[in-house]
Amino acid sequence: MDFQQRLQKAVKRGELAGDERARAERERELTEKELQRLHSQYRLELSEHMETCMNQVADQFPGFRVESVLDEERGWGAAISRDDLRHTPQGWTNRFSRLEFLVRPLSSARVLELAGKATVYNREIFNRSQFKPLDQVDIATFLELVDNWALEFAELYSAQK
């Protein structure tokens with residue numbers, strides 16, 4: 001085989017390798033888009049459930065303010081908070097209570113991450129995070145976590161009143 005024939009074969013091999021690399025890149029982009037779609041779907045479902053739970057807790061304890069959390073860096077979710085002034089022998093003190101749930105933004109780890117943070121009368125009672133790879137998520141488990149964390153907050157808040 002002369003040089004010209006070998007050159008043609010080398011060019012063809014290079015073109016095939018380039019085509020294969022481009023095809024793999026397109027597949028990876030589709031997978032990436034699918035993961036982003038899944039994360040958005042889970043985020044929306046969890047955010048709606050969080051808002052419902054927060055409204056119910058706030059209805060149980062008048063005085064709480066309900067707010068949606070929409071922050072591209074911290075995440076999306078809901079929170080309730082309340083400031084109580086209390087007179088003590090030392091004077092007036094402020095007692096702060098807050099419950100916040102967030103779905104963290106999609107990261108390079110490709111996980112669904114739920115974060116919960118609760119404070120009752122200036123004392124942090126929990127700061128938790130639960131995550132699962134997007135392709136292994138059981139959304140019912142995450143919805144149940146939101147319920148359980150909200151119930152725990154309500155129980156601890158009512159015990160301090």
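A salt bridge is a side-chain nitrogen of Lys or Arg within 4 Å of a carboxyl oxygen of Asp or Glu. All views show a predicted model, in which local features need pLDDT of at least 70 and side-chain atom pairs count only at pLDDT 80 or more, while totals for chains, interfaces and linings use all residues. Residues are numbered from 1 along each chain as its sequence is written, and side-chain values use heavy atoms, with hydrogens and water left out.

**View 1. Glu67, Arg74, Arg98 and Glu100 form a salt-bridge network.** Salt bridges link these four residues. The whole structure holds 8 salt bridges. Side chains of opposite charge can pair when their charged atoms come close. Arg98 also has a place in the sheet: Thr119 in β4 stands opposite.

**View 2. Five strands make an open sheet.** The strand order is β1-β2-β3-β4-β5, and the pairing is antiparallel. Two strands pair if DSSP finds at least two bridges between them. β1 (65-71) and β5 (123-133) are the edge strands; each has a single partner, so one side of each lacks a neighbour in the sheet. From one strand to the next, the twist averages 20°. Such angles run from 0 to 180 degrees between N-to-C directions, using axes fitted to C-alpha atoms (for helices, over the stretch in contact).

**View 3. Helix α2 packs on the sheet.** This helix spans residues 139-160. Helix α2 touches β2 (75-88), β3 (91-103), β4 and β5. Contact means heavy atoms within 4.5 Å. The directions of helix α2 and β4 make about 5°.

**View 4. Strand β4 is paired with β3 and with β5.** β4 covers residues 111-120. On one side, 6 bridges join β3 to β4. On the other, 10 bridges join β4 to β5. Both pairs run antiparallel. β4 is mostly covered, with 8 of its 10 residues buried. Buried means under 20% relative accessible area, exposed over 50%, and partly exposed in between (1.4 Å probe, protein chains only). In a regular strand the side chains alternate between the two faces of the sheet.

**View 5. Tyr121 sits in the hairpin of β4 and β5.** The hairpin has 2 residues between the strands. Tyr121 is in the loop between β4 and β5. Its phi is positive, about 45°, although Tyr121 is not a glycine. Most residues other than glycine have a negative phi. Is Tyr121 buried or exposed? At 13% relative accessibility, Tyr121 counts as buried.

**View 6. Arg110 forms a salt bridge with Glu32.** The closest N and O atoms are 2.3 Å apart. Arg110 lies in the loop between β3 and β4 and Glu32 in helix α1, so the pair ties together parts 78 residues apart in sequence. Arg110 is partly exposed, at 23% relative accessibility. Glu32 is partly exposed too, at 26%. Arg110 is not a glycine, yet its phi is positive, about 60°.

**View 7. Asp83 forms a salt bridge with Arg65.** The closest N and O atoms are 4.0 Å apart. The pair links distant parts of the chain: Asp83 in β2 and Arg65 in β1, 18 residues apart. Asp83 has 42% relative accessibility and counts as partly exposed. Arg65, at 44%, is also partly exposed.

**View 8. Arg82 forms a salt bridge with Asp84.** Their closest N and O atoms are 2.8 Å apart. Are these two residues buried or exposed? Arg82 is buried, and so is Asp84.

**View 9. Phe3, Leu7 and Val11 form a nonpolar surface patch.** Together they have about 270 Å² of accessible area. Accessible areas come from the Shrake-Rupley method with a 1.4 Å probe; for residues, only the protein chains shown count as cover. Patches are built from residues with over 30% relative accessible area and no salt bridge; like charges are joined within 9 Å, nonpolar side chains (Val, Leu, Ile, Met, Phe, Trp, Tyr) within 5 Å. Phe3 lies in helix α1, residues 3-60. Phe3 is exposed, at 56% relative accessible area.

Conventions
Helix = DSSP H or I, 4+ residues; strand = E, 2+ residues; numbered from the N terminus.
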